[in-house]
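Please open the model in your viewer and keep the selection panel at hand.

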Amino acid sequence: MTPADVLHAMQEYDRLGAQRFFDEHGFAPTTTYDLVWDERRYPPKAILGTAYELATGHRLASGDFEGGKTGAVRVLGKLGFVVAHREDPLA
């Protein structure tokens with residue numbers, strides 16, 4: 001999987017919108033972290049899982065890999081992406 005696969009997954013998210021993206025790719029919104037790209041925020045675990053699906057043709061379920069700092073956040077960071085704690089909407 002490459003950074004281009006992650007960018008493709010983000011384009012898919014933008015094209016479909018959040019709910020349809022989650023429905024079609026089998027993930028749910030995140031609560032702790034956001035993948036930050038081009039002043040937009042994306043659900044890191046869903047984007048990484050979808051990038052894997054787009055790259056390999058095989059779908060991972062949400063439970064197939066860890067989210068947070070031990071999984072999706074770490075992998076996305078190694079691919080050169082910024083993942084930040086979700087901003088408090090009440091702040």
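Select residues 18-25, helix α2, together with residues 44-56, helix α3, whose axes come within 11 Å and cross at roughly 50°; the axes are lines fitted to C-alpha atoms over the stretch in contact, with angles running from 0 to 180 degrees between N-to-C directions. That angle makes α2 oblique to α3, because angles under 35 degrees count as roughly parallel, over 145 as roughly antiparallel, 65 to 115 as roughly perpendicular and the rest as oblique. The crossing is left-handed, meaning that the near helix is turned anticlockwise from the far one by less than a right angle.

Next, show the side chains of Phe21, Phe22 and His25 in α2, which meet Ala46, Ile47, Thr50 and Glu53 in α3, contact being heavy atoms within 4.5 Å. The residues of this contact divide into four nonpolar, two polar and one charged.

This is a predicted model, in which local features need pLDDT of at least 70 and side-chain atom pairs count only at pLDDT 80 or more, while totals for chains, interfaces and linings use all residues. Residues are numbered from 1 along each chain as its sequence is written, and side-chain values use heavy atoms, with hydrogens and water left out.

Helices (H or I, at least four residues) and strands (E, at least two) are DSSP runs, numbered from the N terminus.

Finally, colour by accessibility: of the 91 residues, 36% count as buried, that is, under 20% relative accessible area with a 1.4 Å probe, protein chains only.

Notes:
Buried < 20%, exposed > 50% of the residue type's maximum accessible area, 1.4 Å probe, protein only. Nonpolar A, V, L, I, M, F, W, Y, C, P; charged D, E, K, R; others polar.
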